[in-house]
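The sequence and the structure come first, and the discussion follows.

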Amino acid sequence: MDLDAEAPPRSNTPEFTVSEISGAIKRTLEGEFGRVRVRGEITELKAYPSGHIYLALKDEGAKIRGIIWRFAVPRLSLRPENGMEVIATGKVSSYGERSDYQLIIDRIEFAGEGALLARIEQLRKKLGAEGLFDEARKKPLPLLPRLVGVVTSEKGAVIQDIRTTIARRFPRPILLWPVPVQGQGAAQQIAAAIDGFSRLPPGIERPDVLIVARGGGSLEDLMAFNDEAVLRAAAACPIPLISAVGHETDTTLIDFVSDRRAPTPTAAAELAVPARAELLAGLAHSAARLLQCG
């Protein structure tokens, strides 16, 4: 009997078990790529009660799944949403049991100013069509507020400039609602502060005018003031609201929604309260004219 005739033909092609080939692919992927930056549009985003966020990044030719673990979510500089054009930074990882791979994301940033500007313009058109920018919605500022509310960071030059300016012009008490003015969660806290001022409990005086302010920064730094939640809170606020975001050349969407826009935080304080000397001079002039008429 010819045993060689019944033996299967020999081959130089390597043979692996499923686990072996899956492990080899995982080692190759993770070893070859390590930490990467991937540019694409967010789609299929879902946040789970566990705190993890699952999503996909796509372009015109492909799609890759991504995961943001719960511990990484608070450290993100922006809140991911479907349709955002972003650059995601993380590690490529393979899940052997499904022969699947994904990007473990720990950082997300907007994909350049073009993506930011496109997103802002899209929201501007949407809210403009709803009438949120209409002049008829603007409320007049009070001549002399009893109390000035301020939404800004408790640290830095902005709140000091506002306090100094109000003290110089016409001293009024200030009620500060401190918030972060950039980064993950900033927009939600700013919106909550604006809404909170209009819902103060009995026993706490409500401000007569509200200043929402921050100093200058890059377009990405100012994005919290282009957030839809912040804009809707500002539009719904029953207190006359002055926006003062960035420098004179900076414009954010809250400037379209607010009752008055100030080019700087110092200018916002000047809008909020009159100059006492000028007010007294005006009163003296009026009194003199009344005496003349009498």
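## A pair within helix α6

By about how much of the helix are Glu228 and Arg232 separated in helix α6? The model is a predicted one, and in it Glu228 and Arg232 are four residues apart in helix α6 (residues 228-236), so that about one helical turn separates them. The two residues form a salt bridge, in which the closest N and O atoms are 3.0 Å apart. Glu228 is partly exposed, with a relative accessibility of 26%, and Arg232 is likewise counted as partly exposed, with a value of 31%.

The domain assignment of the chain gives domain 1, covering 18-111, and domain 2, covering 120-278. The contact between them takes eight residues from domain 1 and six residues from domain 2, while the centres of the two domains, taken over C-alpha atoms, are separated by 37 Å. About 590 Å² is buried between domain 1 and domain 2, and carbon and sulfur atoms give 43% of this area. On the side of domain 1, Ser77, Arg79 and Phe110 supply 70% of the area buried against domain 2, which is more than any other three residues supply.

Across this interface the rule finds one salt bridge, and the count of residue pairs in polar contact between the two domains, with both residues at pLDDT 80 or more, is also one. The residues of domain 1 that touch domain 2 divide into five nonpolar, one polar and two charged. Arg79, named above for its share of the buried area, meets the side chain of Asp227 in a salt bridge with an N to O distance of 3.3 Å. Arg79 and Asp227 also belong to a network of salt bridges that links them with Glu81 and Arg119.

Helix α8 spans residues 265-272, and its buried residues are Pro265, Ala267, Ala268, Ala269 and Ala272. What covers these buried residues includes the helix α4 (157-169) together with the strands β8 (209-214) and β9 (241-245).

Glu270 is partly exposed, with a relative accessible area of 34%, whereas Arg168 counts as exposed at 53%. By the same rule, the count comes to 18 salt bridges.

## A buried aspartate in a loop

Asp259 lies in the loop between α7 (254-257) and β10 (260-261). With a relative accessible area of 9%, Asp259 is buried. Which backbone nitrogens lie 2.7 Å and 2.8 Å from a polar atom of the Asp259 side chain? The backbone nitrogen of Lys139 lies at 2.7 Å, and the backbone nitrogen of Leu241 at 2.8 Å. Leaving aside residues up to four places away in sequence, Asp259 touches Arg137, Lys138, Lys139, Ile239, Pro240 and Leu241.

Another aspartate, Asp255, is also buried, with a relative accessible area of 11%. The side chain of Asp255 meets that of Arg261 in a salt bridge with an N to O distance of 3.6 Å, and Arg261 is partly exposed at 32% relative accessibility.

## Asp106 in strand β5

Asp106 has its place in strand β5 (residues 100-110), where, at 29% relative accessibility, Asp106 counts as partly exposed. When residues up to four places away in sequence are not counted, Asp106 touches Arg35, Ala72, Leu76, Thr89 and Gly90. With Arg35 the link is a polar contact of 2.8 Å that joins the two side chains. Thr89 is 17 residues from Asp106 in sequence, and the two are 6.2 Å apart in space, C-alpha to C-alpha.

How values were computed:
Residues numbered from 1 in each chain as written. Heavy atoms only, no water. Domains from an automatic or database assignment. Contact = heavy atoms within 4.5 Å. Buried area = accessible area lost by both parts, 1.4 Å probe. Salt bridge = Lys/Arg side-chain N within 4 Å of Asp/Glu carboxyl O. Polar contact = N/O pair within 3.5 Å; in protein donor to acceptor, adjacent residues only side chain to side chain. Nonpolar A, V, L, I, M, F, W, Y, C, P; charged D, E, K, R; others polar. Helix = DSSP H or I, 4+ residues; strand = E, 2+ residues; numbered from the N terminus. Buried < 20%, exposed > 50% of the residue type's maximum accessible area, 1.4 Å probe, protein only.
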